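The exercises below are to be worked through with the sequence and the structure at hand. Each one gives a task, followed by a solution in steps.

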2 protein chains.
Amino acid sequence: MTRILCSHPNQIFTLQYFSDLFQSAKSTVCEDIGIIRDTLTAFRLGDLETIAGAGGGVKFVPAAEKESTEEYIRSLCDKLTDPSRILPGGFLYMSDILFDPQQLIRIGGILASRFLSAKPDFVLTMETKGIPVAVMTAFALGCPLVAATRDGQITEGPSVSINYVAASSRRIQTMSLPKRSIKEGTRALIVDDFMKGGGTARGMVQLLKEFNVEVAGIGVVIATKEPRNKMVTDYASLMILEEVDEEEKRIKLSPSPWLYANSV
Amino acid sequence: MTRILCSHPNQIFTLQYFSDLFQSAKSTVCEDIGIIRDTLTAFRLGDLETIAGAGGGVKFVPAAEKESTEEYIRSLCDKLTDPSRILPGGFLYMSDILFDPQQLIRIGGILASRFLSAKPDFVLTMETKGIPVAVMTAFALGCPLVAATRDGQITEGPSVSINYVAASSRRIQTMSLPKRSIKEGTRALIVDDFMKGGGTARGMVQLLKEFNVEVAGIGVVIATKEPRNKMVTDYASLMILEEVDEEEKRIKLSPSPWLYANSV
C-alpha cells in the first residue's frame, strides 16, 4: 500500500480499491493508512490525506522537509560551481544534473511542494531542456505535462502560435501548442530549467492567454540575478546565478531565499 | 523504508543508512526488509535485492507483473485507436499519453524491466518527444539520461556530430552529443517514442560508436509494422502500429508479442 501510494503522489485511491486488492476489510485498510501516515510524517517523508465523500479516498502528498531541502539545494550549488562547468560564452554545463532522474525527482518534488497549493491542472514547459524537470514536477503534482514547441513545426493538428523575444538572443522566435493539448479554463504551472530575461516564460504566459488558461505559477531551477527586471515578475527559482566569470574561472550560485522562508 | 526504497528503484542503500535514519539496530532493519520483501513479492509489485560485501546493501527492483503489463498495454492500445487521434498525414496524436507522468512511470517501468538484465549505464534518447519516456525509463533503471540534439546547435562545449537519414523524411539530418556527456567504454540503452524506418535509432547507434559505447538495447513505445526491414534489427517495442487509414478512420495497433512471451 505504501508502495502504491508513494509511487502515485497526489492520486486519490479509494478504500474500496485497497480493500479489493488486498482482499481485506475496509477497517483494516483504514488502520493501515493510519500506520503508514504516522511513519511518513514521523520521518517527514510526506503525508497521507484523506478525502471524504463520493470520489473520496486517500492520497500521498510528498513533503520536501525544510532542512534537507536547503541542504540538498546547497549541495547542488556546490556541484554546479565547479569551474570546469564554465562553457564558452559564459554558459554553465548542467545537463548531467538536469537529465539525472535521481536529481530530477528531488528537484521536481521541491518545485511541486512550492506550487501544490496553487492547484495547477497541468505543467507547461518549453522544449527541450525544460522537459525532464517538468516531467518530474508534474509527476509529483499528479498532473499531466504539456510541452510547447519552438519552431512551429507541429504535426499534431491545429495549433496556436505566438511570437516572442528571447531576451538572451534578442531574436523573434515562434512558440506553438497543439489546440487539443489544452482545455480552456484550466490552470497551468510554468516550469523551465533556466531563466535569464524571462522572455520565454512571458511567451508561455501569452500563449496560455490564447487558451484562456490561468497561470498558477512560474518555477525555474536557476534564474540569473541580472537583469533584475525580468519580463515576468512573479516566479520562484531554486537557485540564483550571480556570476559566471570565464576569465577568472569563477561561478557564483546560491540557493533562493524562499527556500529558507517557506518550509513545507 | 518502503517509501525510500520504492522511490529510488535500483539504488543501493546500506543497512547502516537505514539503521542511522531510524535509529534502530541493523537486525531490526533486516527483519523489516524481510517483511517489505514478502509484501512486495506477494502483490507482485517488485522485489528487494540484497547485495553482500563492501558497497553492499539493499535495493528495490520494480517488477512489471506479466498479466497486468499485458492488460495495461492493451488498454493503451484501446485509448490510442480512438479515430479522433488520426492526424493529417496519417500521424497519430499521442502526446497526451507520452507526456502524462502517470502513464510514463508505467511505460518506463516496463521498458526498464525488459532491459534491466542488459545492465545499461545510461539511457540515450533523441530530442524532443522521446525525452519524457526516456526520463522515466532511466528513473526505473536508476541510471542517468543523455539526450542527443537534432540540429547540431550545442552550447555545451566540444561535441561529436554525425549525419543520418530519417527513413520517414529521406532527408539528411544532423545529430550531436556533447563530448563530456558520455564516458567511453560504458553501455547505453537507446529509448525513443516511435520507430518507423529506424533511421534515428541507427543514427544513435552510430553516434555511440564514436564514443566507444556499447548498445545494451533499443526500446521504443510504438514501432510501425511496415517497413518490416528497419535500419536496426534488434529492438523491442511495446506496441506495433499496423495501419492508420485516414479515409476509413481506422487505426490498427496491437501489443508486441514479447510482452506475452517474456514475463518479468
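## Exercise 1: The contact between the chains

The contact takes 36 residues from chain B and 36 residues from chain A, where two residues are in contact if their C-beta atoms, placed from the backbone, lie within 7 Å. This is a predicted model in which local features need pLDDT of at least 70 and side-chain atom pairs count only at pLDDT 80 or more, while totals for chains, interfaces and linings use all residues. Residues are numbered from 1 along each chain as its sequence is written, and chains are lettered from A and ligands numbered from 1 in the order in which they are written.

Task: Which elements of chain B supply at least two residues each of the side that touches chain A?

Solution. 
- Step 1. The elements are helix H1 (2-7), helix H5 (95-98), helix H6 (101-115), helix H7 (131-141) and strand E6 (145-148) of chain B. Helices (H or I, at least four residues) and strands (E, at least two) are DSSP runs, numbered from the N terminus.
- Step 2. H7(B) gives the largest share of this side, five residues.
- Step 3. Sorted by class, the side of chain B that touches chain A holds 20 nonpolar, ten polar and six charged residues. Ala, Val, Leu, Ile, Met, Phe, Trp, Tyr, Cys and Pro count as nonpolar, Asp, Glu, Lys and Arg as charged, and the others, Gly among them, as polar.

## Exercise 2: How the copies are related

Solution. 

## Exercise 3: The domains of chain A

Task: Where do the bounds of domain 1 and domain 2 of chain A lie?

Solution. 
- Step 1. Domain 1 covers 2-62 and domain 2 covers 66-261; these bounds come from an automatic or database domain assignment.
- Step 2. The C-alpha centres of the two domains of chain A are 32 Å apart.
- Step 3. Five residues of domain 1 of chain A are in contact with four residues of domain 2 of chain A. The domain 1 side has two nonpolar, three polar and no charged residues.

## Exercise 4: Backbone details in loops

Task: Which residues does the cis peptide bond with omega of about 10 degrees join?

Solution. 
- Step 1. This bond joins B:Glu127 and B:Thr128, and B:Thr128 is in the loop between strand E5 (122-126) and H7 of chain B.
- Step 2. In chain A, the peptide bond from A:Glu226 to A:Pro227 is cis, with omega near -5 degrees. A:Pro227 is in the loop between strand E10 (214-224) and strand E11 (236-245) of chain A.
- Step 3. B:Lys119 is not a glycine but has a positive phi of about 50 degrees. B:Lys119 lies in the loop between H6 and E5 of chain B and counts as exposed because it has 12 C-beta neighbours inside 10 Å.

## Exercise 5: The nonpolar cores

Task: Which residues touch the most other members of the largest nonpolar core?

Solution. 
- Step 1. A nonpolar core is a set of buried Ala, Val, Leu, Ile, Met, Phe, Trp, Tyr and Cys residues joined through C-beta atoms within 7 Å.
- Step 2. In the largest one, of 123 residues, A:Val123 and B:Val123 touch the most other members.
- Step 3. Leaving aside neighbours within four places in sequence, the contacts of A:Val123 include A:Ala134, A:Leu145 and A:Val191.
- Step 4. Another core, of 22 residues, lies apart from it and has A:Phe18, A:Ile33, B:Cys6 and B:Ile36 among its members.

Terms used. Buried ≥ 20, exposed ≤ 12 C-beta atoms within 10 Å, placed from the backbone.
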